[in-house]
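Subject: Structure for you to look at

Hi there,

Here is the structure I promised to pass on. Please open it alongside this note, and I will go through what turned up.

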Amino acid sequence: MPLSSPLRRLWTLDKFAYSLRVFIAFSGALLFSGLAGDVALVIPLFLGIIASALSETDDSWQGRLQALAVTLLCFASASFVVQWLFPWPWLFAVGLAVSTFTLIMLGAIGQRYATIASGTLILSIYSMINIEQHGGADEDVATRQLLLLAGAAWYGAISVVWCALFSRQPVKQSMARVYKALSAFLILKSALFEPVRGVDIEARRVALARQNGQVVDALNQAKEIIFRRLEGQRGSRKLNRYLQIYFIAQDIHERASSTHYPYSALTEAFFHHDVLFRCQRLLDQQGRACRQLAKSLLLNRPFSHEQSEQALADLRASIDNLSERGKPEWRPLIHPLNALADNLSTLEAQIASAHNPDNVDPRRDSTLFDRSPSSLLEAWRRVRLNFTLGSPTFRHAVRLSTALVVGYGLLQWLDPEQGFWILLTTLFVCRPNFATTRRFLSQRIVGTVLGLVAGWVSISLFPHPLVQSMIAVAAGVSFFANREKHYVIATASITLLILCSFNQVGDGFDLIWPRLFDTLIGSLIAGLAVFFILPDWQGRRLYREAANVLNNHRRYLDEIIHQYEEGKQDDLAYRLARRNAHNADAALSTLLTNMLHEPGHYRKQDADNGLRFLVLSNTLLSHLSALGAHRHRLAEDEDDAELVPLAKRISALLEQLAEQLHKRLPIEPLDEHAKELLAQLEEPPATLEENAVALYRPIQSQLRLIAQQLAPLGNASSRLASAPTVEPTHSPA
């Protein structure tokens with residue numbers, strides 16, 4: 001195998017470029033300190049590089065340059081304030097609380113601002129560590145603070161140049177992530193067609209809903225990455241190509257989410273035949289085709305999917321065989337099977353077109369919705385809306401600022417060596433909710449222990465400063481390569497970096513026990529804070545998230561109805577309604593996942609009710625997706641035109657249900673409304689096979705399936721609305 005092949009594959013990895021930038025930055029800092037003849041310079045430079053890398057936002061090089069300017073301004077301000085207030089502990093504690101609260105609240109503006117705010121907090125604590133390490137003359141402290149900023153600026157410059165040289169690589173990687181997520185979604189969806197009795201369909205539905213959240217997250221990230229690079233480069237042919245691939249992925253997602261008939265009924269009817277196995281195999285092959293497409297996009301290789309094309313032909317042959325048998329009990333199910341085959345056929349064509357999107361209709365609306373604030377007034381409005389106890393951002397801001405002040409007071413009281421690591425641990429561990437905090441807490445402690453052991457071994461076996469410096473650089477790269485998916489390894493790596501770096505200017509062995517104790521104390525503070533200070537138990541927000549799901553599903557249905565009235569058009573309004581519906585479904589899935597990791601007293605029976613609601617809402621979304629997949633303009637004299645008022649009535653019922661649930665009002669049972677709608681949507685029995693073909697109407701069939709979900713959704717909503725709110729037995733603050 002030629003050497004270029006593994007290097008090319010390495011280049012396609014998400015974290016490779018990130019890790020390489022960090023390696024260049026660390027190596028440059030190490031080289032500078034060596035040339036300057038002062039190894040102690042490497043510590044503030046390394047800390048500045050780490051803070052800057054943690055604050056990196058994904059942008060075009062112009063956007064990254066602007067973000068870097070803002071980041072350095074925030075860093076310089078934070079560094080100056082820390083240095084100024086450091087000699088006065090009480091004043092410093094007030095400044096720490098105010099700045100932490102302010103920075104966390106600014107994160108409500110958007111993810112970019114949240115990232116910069118988090119990086120500023122990290123650099124503030126690094127500034128404290130920097131001053132603590134050198135408690136001498138003011139000039140020496142000022143020099144080290146400037147070195148901290150120099151390290152941040154050095155990494156920022158590397159990042160801007162990198163963005164200019166390789167601007168499209170993140171776009172390519174983001175689209176590969178989308179198709180990998182779609183691959184997993186299709187393979188999970190194929191399991192629903194498995195004709196086996198006694199399987200837990202609800203568990204498979206929950207797994208599918210959670211994977212849908214992964215697809216939605218990948219699509220959202222890809223959209224933001226493409227949008228940032230399209231600013232000022234709308235005419236770029238390659239960027240427009242990736243934009244079309246993104247739109248195709250959205251269409252594939254809608255088709256893949258579609259459900260044309262209850263799978264349990266199909267299983268019972270065709271249990272002894274191979275048609276459902278054919279469906280399962282085709283979806284599985286299409287999932288594998290999406291995975292292969294992701295690799296092809298990354299490696300710029302040809303994409304072939306003949307295997308799934310053959311599976312589609314086999315499915316058609318199986319359906320034709322069932323039709324030829326002419327069993328009366330099968331006749332009503334043959335047409336949903338044909339609709340399913342048509343949907344999978346279109347899905348197949350979409351997968352094929354994703355590798356060569358140049359043939360997509362150029363008149364298609366390619367507008368993307370900008371979720372960033374359009375003005376300072378809009379940014380302030382977003383912050384102001386979060387000044388309420390019901391806001392998770394506000395709760396986290398109060399919680400984290402209080403926890404850091406408590407940690408600062410504790411280190412002033414105990415006066416431990418290297419005490420500011422307590423604050424750093426608290427900052428990294430204290431997360432917006434209990435479940436995430438608990439996970440990071442345990443991983444932080446385990447990772448620190450592993451890192452201290454590795455550090456002890458390293459400085460014992462390799463006393464030479466150059467070797468220890470090389471180990472520190474490698475550990476720093478490992479931290480950034482693993483910090484999102486393997487936090488234990490990341491924590492061990494950053495601990496190893498600290499030990500090897502600080503051993504250059506002192507005795508690294510003296511740092512081992514203080515680092516361990518500081519980690520334990522900081523983790524304890526974070527754990528107690530998330531439990532006692534304005535705890536954000538997910539069950540309290542469950543009914544609101546469920547109401548939000550219903551509202552967004554209703555808006556999606558409204559846009560679908562509008563398309564049937566005005567004609568199919570993948571415009572921004574339709575795509576936004578569809579994306580918001582999936583975003584709401586994914587948010588509910590995430591909330592329930594976090595809720596399942598909370599203490600039992602706070603989780604109580606709401607988790608089961610929430611999972612039941614999630615299954616029903618995800619099923620409703622799948623029927624809406626199928627309805628959207630069949631969009632076309634209805635002529636006034638077309639039979640299906642009479643179904644539009646019924647669809648609008650369903651929308652009104654969903655809106656009413658969402659409003660009652662959001663306000664926790666008594667939920668009006670929807671059983672009678674559902675029965676009335678189902679009676680009007682009932683398909684008349686067909687006596688002749690040729691009449692059955694004419695009588696099958698996909699819109700009517702999907703509206704019936706949607707109407708069947710109303711009564712169960714009403715019952716599930718009633719349970720959520722009537723569930724007692726769990727209040728803490730302790731003081732909230």
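L534 counts as buried at 8% relative accessibility (buried means under 20% relative accessible area, exposed over 50%, partly exposed in between, with a 1.4 Å probe and protein chains only). You will find L534 in the loop between α21 (509–532) and α22 (542–566); helices here are DSSP runs of H or I with at least four residues, strands are runs of E with at least two, and both are numbered from the N terminus. Although L534 is not a glycine, its phi is positive, about 45°. Most residues other than glycine have a negative phi.

Before you go further, please note that this is a predicted model, in which local features need pLDDT of at least 70, side-chain atom pairs count only at pLDDT 80 or more, and totals for chains, interfaces and linings use all residues. Residues are numbered from 1 along each chain as its sequence is written, and side-chain values use heavy atoms, with hydrogens and water left out.

R664 also has a positive phi without being a glycine, at about 55°. R664 sits in the loop between α26 (644–662) and α27 (671–681), and is partly exposed, with a relative accessible area of 25%.

On to the cavities. There are eight of 30 Å³ or more, where a cavity is a set of points on a 1 Å grid over the protein atoms alone at which a 1.4 Å probe fits but cannot get out, and lining residues have an atom within 4 Å of a point. Grid points are joined across faces, edges and corners, and a volume is the space filled by probe spheres set on the points. The second largest cavity has a volume of about 80 Å³. Its lining includes W421, L424, F428, R444 and R515, and α17 gives the most to that lining, with three residues. The lining residues divide into nine nonpolar, no polar and two charged.

Finally, the surface. V449, V453, W456, V457, L461, F462 and F509 form a nonpolar patch with about 630 Å² of accessible area together (patch residues have over 30% relative accessible area and no salt bridge, and nonpolar side chains are joined within 5 Å; a salt bridge is a side-chain nitrogen of Lys or Arg within 4 Å of a carboxyl oxygen of Asp or Glu). Helix α18 (residues 434–461) gives the most to this patch, with five residues. L461 lies in that helix, α18, and is exposed, with a relative accessible area of 58%.

Best wishes

Conventions: Patches are made of residues with over 30% relative accessible area and no salt bridge: like charges are joined within 9 Å, nonpolar side chains (Val, Leu, Ile, Met, Phe, Trp, Tyr) within 5 Å. Accessible areas come from the Shrake-Rupley method with a 1.4 Å probe; for residues, only the protein chains shown count as cover. On a 1 Å grid over the protein atoms alone, a cavity is a set of points where a 1.4 Å probe fits but cannot get out, and a pocket is an open set with protein on both sides within 12 Å along at least five of seven lines; lining residues have an atom within 4 Å of a point. Ala, Val, Leu, Ile, Met, Phe, Trp, Tyr, Cys and Pro count as nonpolar, Asp, Glu, Lys and Arg as charged, and the others, Gly among them, as polar.
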